[in-house]
Amino acid sequence: MSFMSKASRAITQKLDSHPGHRRLFAQGELTVGLIMPLETHPGKPAPTMADHASMAVKADQLGFAALWLRDVPFYDPDYGDVAQVFDPIPYIGYLTALTQNIVLGTTGIVLPLREPLSLAKQIASLDQLSTGRVILGISSGDRPADYPLFGVDFDSRGARFRESYTVFKTVTEQSFPSFDSQFGRSNGGFDLIPKPFTGRTPTLAVGQAQQSLEWIATNLDGLIRAAPDPFYISSVAKQWQDAVARHADYGAFKPLGLGMFLDLFENAEAPMRRIPGGFRSGRNALIEFFQTAKVAGIGHIALNPKVSHRPYADVMEELAEEVLPLFPSHGSRR
């Protein structure tokens, strides 16, 4: 089943008009977002979520580009993390009503464990309700123990990802499509309502999802991967840019983003040090890292300060005051 039909190619032209995509990505620019929850809890599996609504409003008002929600269905003590507790799909609906400008994205929906027709209805509805502020990040998941819970073979996740994504694209971007897959089939007599806000919800791979860079560059709208050491940023960015140049439509802009934990020191002069999944740093070294990333062609960095030993509100205020003016969200009113 192919989704690059004439119908879907026509809708491809609408991506640049998507408000969420425009807020996050522009060639040669870098924006900054936050990975939920907006609460520090180093060494603990779960946040309290006590002030989650007011903190989301605060992030929107301060001018952050995006809030990213992770897909963690069950608590696994061996893994020790439940992300923002709430399922990302209804939680985005809740946040849509609270916020005005900030993008609401997923990093990422574990696609092999989601039924794609229901997901298509949910994401298209959220994209409409948010007036185009939803970006769908999708992954194959990194927790093998989740798969038996859903009765899915862990080794099938790469193939299931591709087929599920094709179904999702087909029904959200085509009218009365015909398709036949393990997830369902239609002879063209049915149409998904609503369609996304601009006819298409941007999709990003979160990690490689058991796919080649070439497949991702051909089929998705961008990639978010773990932040590498500063020395490797240029080579990581070039690898993605080369894949896009070789395999995407001619002249296509497909951004690369980074995700990372951040423990922000109060001392602005503190050097940057590697920690698992991210960095411990003072403000100035963080800004230097962002500038290096921007020059390399990174379009967005999603920060997760849950590991910070400072109050989250203080971290957000410092980032908003000292960092966001250098890397503003596109269309930000700050």
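**Helix geometry and helix–helix packing in the predicted model**

At 1.5 Å a residue, the 14 residues of helix H10 (residues 283–296) should span 20 Å, and the end C-alpha atoms of H10 are 20 Å apart, which agrees; the expected span is 1.5 Å times one less than the number of residues. The structure is a predicted model, in which local features need pLDDT of at least 70 and side-chain atom pairs count only at pLDDT 80 or more, while totals for chains, interfaces and linings use all residues. Residues are numbered from 1 along each chain as its sequence is written, and side-chain values use heavy atoms, with hydrogens and water left out. Helices (H or I, at least four residues) and strands (E, at least two) are DSSP runs, numbered from the N terminus.

The buried residues of H10 (under 20% relative accessible area; exposed is over 50% and partly exposed in between, with a 1.4 Å probe and protein chains only) are Arg283, Ala285, Leu286, Ile287, Phe289, Phe290, Ala293 and Ala296. These buried residues pack against strands S1 (31–35), S10 (256–264), S12 (278–281) and S13 (300–304), and against helices H9 (233–247) and H11 (312–323). Glycine 297 follows H10 and has a positive phi, near 110 degrees.

Two packed helices are described by the angle between their axes and the distance between the axes. H9 and H10 pack at an angle of about 30 degrees, with their axes 9 Å apart; axes are lines fitted to C-alpha atoms, for helices over the stretch in contact, and angles run from 0 to 180 degrees between N-to-C directions. H9 is therefore roughly parallel to H10 (angles under 35 degrees; over 145 is roughly antiparallel, 65 to 115 roughly perpendicular and the rest oblique). In H9, Ile233, Ser234, Ala237 and Gln241 meet Phe289, Thr292, Ala293 and Ala296 of H10, where contact means heavy atoms within 4.5 Å. The contact of H9 with H10 has 5 nonpolar, 3 polar and no charged residues (Ala, Val, Leu, Ile, Met, Phe, Trp, Tyr, Cys and Pro count as nonpolar, Asp, Glu, Lys and Arg as charged, and the others, Gly among them, as polar).

The axes of H3 (residues 52–62) and H4 (residues 88–98) come within 10 Å and cross at roughly 60 degrees, so the two helices are oblique to each other. His52, Ala53, Ala56 and Val57 of H3 make the contact with Tyr91, Tyr94, Leu95 and Leu98 of H4. By class, this contact divides into 7 nonpolar, 1 polar and no charged residues.

In helix H7 (residues 157–173), 14 of the 17 residues are buried, so H7 is largely enclosed by the rest of the structure.
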